[in-house]
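Hello,

Here is the structure I said I would pass on. My notes on one of its chains follow below.

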Amino acid sequence: MKATLILCAALLVGCATQNAAPPGVQVPAERLQQTVLAGQTTKAQLLAAFGPTKNVRFDSGFEAWVYQSPAGDGRFAEFVVLIDPAGIVAKTRTRAPAPAP
Amino acid sequence: MSGLFMAATANLPAHAAGQSTVTVKSTRDPVDKSYRKMIRGMERFERERAFAPNATLRFQLLPRLPNVDMRGITLRVAGDTVSVPVPVDEHNFFVLPRNGQALQEDAAVLASRKTASMTWRARIETPGVPAGMRRLGDLRLECRVGKEAGLVSNSSPLFGWISDALDSPEGVCTSPDGNYLFFAERPIFAVTLRAGERVETLPFSMLYAGGDQTPDMLPFCDCQVLLDRTYYVPLWDASWPDDTLVEFTYMVDAPAGVTP
């Protein structure tokens, strides 16, 4: 019984990891670089420009939002935005896409 | 249910219940840390020093619930007859003493806070690691020691036994699906691995407990109030050597002249 349920749990994990694209709205890198400026861009402007995306909200009032920029061959660069408690972009960073297999 | 029954009958005089008197010297919260398990974690540290040959081992108490006061915590090893105070420093680090009597009595490690209000971690540090960075081999060993010592204070009544079944140190510390959470000193914005010329920033999915914790799920995670300090590292990935440095970019930069 226990083994069966563990197998079921493992299968569920397998199903949950089948997504090809990483989570987050897909936006071209150039558009993100041009639109999102630390110290200026607001959360409302981000929503208006790109719609809601994957995000994490913290007790401190900060939020981290993540976007994916297609980089060819099914790869994605990751663009992460830190929004401060006042709703202003505090920092951004780009994570280069993983090397093609 | 049986606990309720015991509580209800505990107030009856023994003769009234027609039973002999039993003296209970202490009661243990089942979630309190087992001294034997923590000693097993220390023994694992000694056995697997190859990950961090020059490192030292301490343990740390961390907040698990909002509003828990983390100042002035006292700690003791408590058995049926033995009670050993354990000094805790101002950052809530401590070194667990060895005590044969406590081992024999299957003692518990008790802190002066409600058990569910804190979580625990091993802290293994190799001398000479640049300030504000961690060393991957130290973290690999922290995972093994932490799991062996039973330090993680997640609480999922529904899936507890499933996670236990998949929760051996080997399963958690050597698998890409391993879920051993580390906590940085301050809220993080990025975590970068550096090994010689190779430099890689961890994906968003390795920060903030995967970024998938909903308000409903958070109370079950021991990252509940530390979510913005939480990260995974690729413990399982042998292409990153033990001497790999783990560097943090924080949400708020440290003031000039202050060590990050």
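In chain B, strand β10 (residues 188–195) runs antiparallel to β11(B), and four bridges join the two. One of the facing pairs puts B:Leu193 opposite B:Glu200 in β11(B). Please keep in mind that this is a predicted model.

Both strands belong to an open sheet of four strands in chain B, with the order β8-β13-β10-β11 and antiparallel pairing. Its edge strands are β8 (133–135) and β11 (198–201) of chain B, each of which pairs on one side only. From one strand to the next, the twist averages 25°.

A helix also packs on this sheet: α5 (residues 136–148) of chain B, which touches β8 and β13 (245–250) of chain B. The direction of α5 makes about 65° with that of β8(B).

Elsewhere in the chain there is a hairpin. It is formed by β3(B) and β4(B), with four residues between them. Strand β3 (residues 75–78) and strand β4 (residues 83–86) of chain B run antiparallel and are joined by four bridges. Within this pairing, B:Ala78 stands opposite B:Ser83 in β4(B).

Now the chain as a whole. Chain B has seven helices and 13 strands. Of its 260 residues, 31% are buried. If you take the contacts in chain B between residues at least 6 apart in sequence, 74% of them join residues at least 24 apart.

Regards

Notes. Residues numbered from 1 in each chain as written. Chains lettered and ligands numbered in written order. Predicted model: local features only at pLDDT ≥ 70, side-chain atom pairs only at ≥ 80, totals over all residues. Pairing = 2+ DSSP bridges. Axes fitted to C-alpha atoms, helices over the stretch in contact; angles between N-to-C directions. Contact = placed C-beta atoms within 7 Å. Buried ≥ 20, exposed ≤ 12 C-beta atoms within 10 Å, placed from the backbone.
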